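Thank you for making time this morning.

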Amino acid sequence: YKRRGSSFIGLKQFDDGIADIEMGIELDPDDSVAIGILSTAYVLADRYQDAVGAASQLIRMEPNEVDGYTLRSRAYDLMGEYDLAKEDLDKAVQLDPESAELHATLGDVHIDLGELTQAVVDYTNAIQIDETAKYHTMRGYIYQQLGWFDEALTDFYAAIELDPAWVPAYVLRGHSFYAEGDFDAALSDYESAINASPRDPM
């Protein structure tokens, strides 16, 4: 049941997949992997409250493992329950402090909560663990929202140095140049973005 259910989910046949995985769990209720897959399937099917329930079951089974908390936080986030999502991600980061992805995800929730200076801290932590163009771009975006355009530009330059083909950094750097009245530099970045990804409406 569980393997067939996973195959259905891969085909985006979520109702059939969920039914099979639920049957598999009924036959083997201690299968934590299947419960995690079920929570993910519920999210994909827009059944967020059910996803919370499955993730909560996983947390009860494995309270010191990250997966249950990250799955539940994702469902809470999609429900707009950002405080609850933050609570679960705080726990996940406590369990796995060396995960750059967890710090970045926590930063995204802080953005949703309007806590931008804390989001800067989260993305700084992510960058210290795994310096990527994406993380620099996101921190630069947060700086933009705070009106700190010089700091934003520093991050966008860093992102482009790490990955010269990373289009979002050009677009957002162009926004910073535009906000500072440097229209020639803004135009140059927008043209670079278009040349790199001519079919991207960004």
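This is a predicted model: local features need pLDDT of at least 70, side-chain atom pairs count only at pLDDT 80 or more; totals for chains, interfaces and linings use all residues.

Not counting residues up to four places away in sequence, H103 touches V93, P97, D122, N125, A126 and I129.

Residues are numbered from 1 along each chain as its sequence is written, and side-chain values use heavy atoms, with hydrogens and water left out.

Now the overall picture. The secondary structure comes to twelve helices and zero strands, where helices (H or I, at least four residues) and strands (E, at least two) are DSSP runs numbered from the N terminus. The C-alpha atoms fill a box of roughly 65 × 35 × 25 Å along the principal axes, and buried residues make up 42% of the 202 residues. Of the contacts between residues at least 6 apart in sequence, 41% join residues at least 24 apart. The protein exposes about 10,900 Å², of which carbon and sulfur atoms supply 49%; these areas come from the Shrake-Rupley method with a 1.4 Å probe, and for residues only the protein chains shown count as cover.

Let me turn to α5, which covers residues 66-78. The expected span of a helix is 1.5 Å times one less than its number of residues, so the 13 residues of α5 should span 18 Å, and its end C-alpha atoms, 19 Å apart, agree with that. Its buried residues are V66, G68, Y69, L71, R72, S73, A75 and Y76, and what covers them includes α3, α4, α6 and α7. After α5 comes G80, whose phi is positive, near 80°.

Leaving aside neighbours within four places in sequence, A92 is in contact with V66, Y69, T70 and L102. The C-alpha atoms of A92 and Y69 are 6.0 Å apart in space, although the two residues are 23 apart in sequence.

What lines the largest pocket? The lining consists of T70, L71, S73, R74, D77, L89, E101, L102, T105, D108, V109 and D112, and the elements that give two or more residues to it are α5 and α7. Of these, α7 gives the most, with six residues. By a pocket I mean, on a 1 Å grid over the protein atoms alone, an open set of points where a 1.4 Å probe fits, with protein on both sides within 12 Å along at least five of seven lines, and lining residues have an atom within 4 Å of a point. About 260 Å³ of space lies in this one, the volume being the space filled by probe spheres set on the points, which are joined across faces, edges and corners. By class, the lining has four nonpolar, three polar and five charged residues, with Ala, Val, Leu, Ile, Met, Phe, Trp, Tyr, Cys and Pro counted as nonpolar, Asp, Glu, Lys and Arg as charged, and the others, Gly among them, as polar.

After α11 comes G181, with a positive phi near 85°.

I will finish with two loop residues. K12 lies in the loop between α1 and α2, and D46 in the loop between α3 and α4. Phi of K12 is near 65°, a positive value in a residue other than glycine, and phi of D46 is likewise positive, near 65°. K12 is exposed, at 64% relative accessible area, and D46 is exposed, at 54%.

Note on methods:
Buried means under 20% relative accessible area, exposed over 50%, partly exposed in between (1.4 Å probe, protein chains only). Contact means heavy atoms within 4.5 Å.
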